[in-house]
Amino acid sequence: MPGIDFSEFRSGFVAEAQDLLHAAHPQAVALDRALRAGRDDPRAIRELFRTLHTIKGLASMVDVEPIVVISHSLETVLRQADQGLGRLPVEAVDVLVAALRSIEQRVGAIERDEPVPKAPDDLLDAIAGLVLRESTRSKTEGRLDLDDETRARLTPSERELLATAPADGRRAVAVDFVPSADRSAQGIDINSVRERVGRIAEIVRVLPVARPTTPEVPGGLLFRLLILSDAADAAIAEAAHAEGVRTVSASAPRPSAPVLDEPDDEHEPHVGGLVRVEVEKLDAMMDTLSSLVVLRFRLEREVERMRRAGGEVRELEAILRDQRKQLRDLRSHIIRVRTVPVTDVLDRLPLLVRGAARAAGKRVRLEVDAGRAEVDKAVADRLLPAVVHLVRNAVDHAVESPEEREAQGKPSEGLVRITCFERSNHWLELEVSDDGRGIDPEAVARRAGEPVPTDDAELLELVTRPGLSTLQDATTTSGRGLGMDIVRRIAVKQLGGELRMRTTRGRGTTFTLSVPLSLAILDVFAFTCAEQTFVVPVSMVSEIIEVDPDGVVAAPGAGIGRRLVQRRGAAVPLVSLAELFELGGDEIPQKALVIQHEGRPWGFGVDRLLGQHEVVVRTLDHPLVRVEGVSGAADLGDGRPTLVLDLVSLGRSLVTEAQG
Amino acid sequence: MTALHVVYRVGDAEYVIPAAEVVQMETWSGATPVPGSAPWVLGVAQMRGALVPVVDLRARFGLPPADEALDHRVVVVRRHDGLVGLKVDRAREVLAVDEDAFEEPPALVQRAGADAGRVGGGWVRAVVRVGERVLMDVDFDRVVEGGGFDE
């Protein structure tokens, strides 16, 4: 349409469309599974239909014709399937996924302000070629014991699903949930019931049903859940807080009751709702918080100066304490806003596994168990490529072919599991495990030209060597091939975490990524070293010691690791940071920060300690300033970036240098 | 067609960079040195809310250091890998330059640059004449690459 500027709608369109496309993926996977098993999945079809319908509407609002065309043609096919005019052929999912990707690419083009390619003809032809198969529903109609109103409100696919339940070894059951004010007060509502019932049954449909208001139905409304289950009646009834259940089977029809108009949107209205936020806005909030923290330092310093000058500052100090608490609270709110559920981060993986397994000629199932674990968006963004790498490696190299597996007595379908849980307030553990062939230490040692590793830690060291990752050969390395050095780099350097591995020949391998939950705000110790100020995370320092020059022993030679200092009866290496950074002379430092590296202490010598602070850390992303041992920069109140040191990493690199 | 270019000076020579790539021009107020980075990287500075690495172009171009002068500027440019600050001796002028007026640099200049041993290692991409002046367009991908000890 001429004369209307759509550019301000574009970012909104892009955000909405990307969300919708994201949500469509699990539906496509579910549909795939059902179609392969010879079943229908009316819910997935309906969701996909709605998604494409919405995308079509949005696209026409911003006048992007190619997306309108693709989504319209797909929507047509899905609508037919939804109305029970036939069952989708198994290949339908591949076409569906291709169409989704095609829309995704065009949404990406809009985001980058590039011209949008027109809809590809071969894709449209493929969609048009999806001929629905005759479904067998007509034979099963009569075998359902449903009252007319319920029967009328179900789609033919849903009716078929309920009718064919016995073939799967399950029963089709109807159970009614009656909401009430009392129940609401106890947190019992249709959503909680859905969740409870959903754990022991598959919900085909939930229908709101109007009833005259009576003490038994105080709200004049009840919810009828039509489910497929092999659980006991009592368990189902309990989950729905109902008196009993009805098995839906062939018999005479029941008398009808007045029918509610089916709402267009099945969602019950929820209080609260969601807001979508662009990450830049969150970063801006963090920056402002950082400035507030800086201001507080300055205030504290001024108040301290007034106090020393004899001023009356008690009230001011009380106010400052309150402010400190509020800033802490604000900080946790902001951090929580920045977190995303780990399940969201991982939700594309099943589709990835499907494609990779197909390409490799293997059968692999992916299980994701992340519960409610949440992680900062910045961490999530970096974590995902590492997880994708591990999963791909598992599918490509670790899991054996179905024949090989059967020969070993394993199920022909391989299993890759991802579990994720919060180890503590600050740490997240994510495990990627497979039941494949495990890693052969001898083969890896041969490839690397090194002695055979004696334990998993040494094996991991070899496997993550950059040189090794360019040699890939599934059969001889019997395990990981490409890119393991990248995974370690992400976990350790970018995220400041750890990568561990356990492997058993013939049984499988487990990789564990331990990463901090949030990168953004740290408690740090500030110190000076040759007149320059640095900070180090408090969590990294196990002890701060005064260095007694008489207790320092220097080995002959001039190497950086020559000094040892006495600490609790042990000799701890003492490295002067000033010397390491070539900032100063070789005097014995006055104080040392002790860190633990692989279970052993290391001391890093500094000049003066400046106290503990809470700072917002920003990463130094540019390659020009990405160096070993510096994990980012913070602002201590003087407007200049103060480097955040990663002493553990420094210690590690010193050890490697010494050994190399 | 013409495009605006910022003219900056390093030592005795003058250079141009398309104004579209320049995000801001700051006076030089120091940077936090990053141990382990290349000697011609002055460090990181806080600019526009972002952490910007600052490159000392005098040092990078092989010139001896100059006394600090008020004229010194940091030209902050947006590159594909983020913002980078370029410390120059002077940056005060903006010129409209005809794109077609850019010429290939003479052969000797083409090979100039620290990586001159490599094929196509020159840092100067093009030159343009404006009146009596000869202004050079530098290939910053070459100048800026090869920084710290990132493995």
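Read along the sequence, the elements of chain B follow the order β-β-β-β-β-α-β-β-β-α-β-β-α in this predicted model. Of the 151 residues in chain B, 44% are buried.

Arg133(B) and Glu14(B) form a salt bridge, with a distance of 2.8 Å from N to O. Arg133(B) belongs to strand β10 (residues 133–138) of chain B and Glu14(B) to strand β2 of chain B, and the two residues are 119 residues apart. Glu14(B) is buried, because its relative accessible area is 14%, under the cut-off of 20%. Arg133(B), by contrast, has a relative accessibility of 25% and therefore counts as partly exposed.

Among the elements of chain B, strand β2 (residues 13–18) has the highest mean pLDDT, at 93, whereas helix α2 (residues 107–110) has the lowest, at 66. In two stretches the pLDDT falls below 50. Residues 116–120 of chain B form one of these, with 4 contacts in the model beyond near neighbours in sequence. Residues 147–151 of chain B form another, with 17 contacts counted in that way. Where pLDDT is low, the predicted coordinates should not be read in detail. For the model as a whole, the scores are ipTM 0.82 and pTM 0.46.

Chain B is in contact with chain A through 29 residues of chain B and 20 residues of chain A. The area buried between the two chains is about 2,000 Å², and carbon and sulfur atoms give 61% of this area. On the side of chain A, His622(A), Leu624(A) and Pro641(A) lose the most area to chain B, together 32% of what that side buries. The elements of chain A that give two or more residues to this side are α22 (484–494) and β22 (641–645). By residue class, the side of chain A that touches chain B comprises 9 nonpolar, 4 polar and 7 charged residues. Between chain A and chain B the count of salt bridges is 0, while 3 residue pairs are in polar contact across the interface.

Over all chains, the count of salt bridges comes to 43. Two of them lie in helix α12 (residues 279–308) of chain A. Arg305(A) and Glu302(A) meet at 3.1 Å, N to O; because these residues are 3 residues apart in the helix, they are separated by about one helical turn. Arg308(A) and Glu304(A) meet at 3.4 Å, N to O, and their spacing of 4 residues likewise corresponds to about one helical turn. Glu302(A) is partly exposed at 40% relative accessibility, as is Glu304(A) at 28%, whereas Arg308(A) is exposed at 62%.

Elsewhere in chain A, Thr419(A) lies in strand β8 (residues 414–422). Thr419(A) is buried, with a relative accessible area of 15%. Apart from residues up to four places away in sequence, Thr419(A) touches Asp369(A), Glu429(A), Leu430(A) and Glu431(A).

Note on methods: Residues are numbered from 1 along each chain as its sequence is written. Chains are lettered from A and ligands numbered from 1 in the order in which they are written. This is a predicted model: local features need pLDDT of at least 70, side-chain atom pairs count only at pLDDT 80 or more; totals for chains, interfaces and linings use all residues. Side-chain values use heavy atoms; hydrogens and water are left out. pLDDT is the predictor's confidence in each residue, from 0 to 100. Contact means heavy atoms within 4.5 Å. Buried area is the accessible area (1.4 Å probe) that two parts lose on being put together, summed over both. A salt bridge is a side-chain nitrogen of Lys or Arg within 4 Å of a carboxyl oxygen of Asp or Glu. A polar contact is a pair of N or O atoms within 3.5 Å; within protein, one must be able to donate a hydrogen and the other to accept it, and residues adjacent in sequence count only if both atoms are side-chain atoms. Ala, Val, Leu, Ile, Met, Phe, Trp, Tyr, Cys and Pro count as nonpolar, Asp, Glu, Lys and Arg as charged, and the others, Gly among them, as polar. Buried means under 20% relative accessible area, exposed over 50%, partly exposed in between (1.4 Å probe, protein chains only).
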